[in-house]
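Try each one before reading on.

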Amino acid sequence: MVKHNNMVPRTNVMKYWQRFVRVNFNQPAGKKRRAEKRAQKAAKLAPRPAAGNLRPVVKPPSLRHNFRLRKGKGFTKSELKEAGIHNRLAPTIGISVDLRRRNKSVEGMQRNVDRLKEYMGKLVYLTNRKRKGKKNVDSRNKLKECKQNTHKNIIPVPRIKYDGARAITAEDKKFMAFSTLRIARAENRMVGPRSKAKAAKAAKTE
């Protein structure tokens with residue numbers, strides 16, 4: 001909408017519009033080129049997985065996206081320890097490690113531990129060196145028998161299945177979410193002082 005006492009704008013519509021038209025007739029060729037590059041990358045990494053290192057499954061941040069799962073940067077020390085893998089050994093056998101990430105839930109940690117155990121169950125060591133107590137040791141002679149993993153994620157990222165909406169029950173109405181969270185937070189904060197006071201009391205009685 002024109003405002004104030006200004007000059008009426010002149011819209012230059014007489015343009016050579018054909019010069020600015022772009023077409024995408026090269027889409028099939030681009031698709032073929034990308035497929036060839038993927039094949040070259042896989043051949044270069046063979047017999048290792050074409051997707052690179054194994055990555056954990058994490059939830060994205062923010063309320064908008066935290067209902068789904070995606071690949072993370074690397075596994076935590078706690079996840080590797082639970083799966084029985086040393087954090088220095090992990091990168092040498094194709095497992096990503098992230099020393100900064102922390103586990104916030106038991107479910108998320110268990111999900112990644114199971115992922116690591118599944119990977120270790122399918123892993124084949126291609127080495128001439130003998131390892132004590134390792135059943136899945138192969139020599140270089142069996143290299144041709146190994147099939148390369150060409151999956152996008154090595155192990156597929158699971159999908160969370162949610163139940164639909166349900167009716168609110170009487171227990172749900174009685175439940176005080178804010179109070180429960182504050183009490184749990186206070187209990188967590190007072191673990192140290194309470195244990196210290198308990199030890200002091202026990203020392204006095206002795």
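The questions below concern a predicted model.

Q: Is E79 buried or exposed?
A: E79 sits in helix α2, which spans residues 77-83. Its relative accessibility is 0%. Buried means under 20%, so E79 counts as buried.

Q: Is the peptide bond from A46 to P47 cis or trans?
A: P47 lies in the loop between α1 (27-45) and β1 (57-58). Most peptide bonds are trans. The bond from A46 to P47 has omega near 5°, and it is cis.

Q: What is the phi of S62, roughly?
A: S62 lies in the loop between β1 and β2 (70-71). Most residues other than glycine have a negative phi. S62 is not a glycine, yet its phi is positive, at about 80°.

Q: Is S62 buried, partly exposed or exposed?
A: The relative accessible area of S62 is 44%. Buried is under 20% and exposed is over 50%. S62 is therefore partly exposed.

Q: Is I154 buried or exposed?
A: I154 is in the loop between β4 (137-138) and α4 (170-174). I154 has a positive phi of about 65°, although it is not a glycine. Its relative accessibility is 9%, so I154 counts as buried.

How values were computed
Residues are numbered from 1 along each chain as its sequence is written. This is a predicted model: local features need pLDDT of at least 70, side-chain atom pairs count only at pLDDT 80 or more; totals for chains, interfaces and linings use all residues. Side-chain values use heavy atoms; hydrogens and water are left out. Helices (H or I, at least four residues) and strands (E, at least two) are DSSP runs, numbered from the N terminus. Buried means under 20% relative accessible area, exposed over 50%, partly exposed in between (1.4 Å probe, protein chains only).
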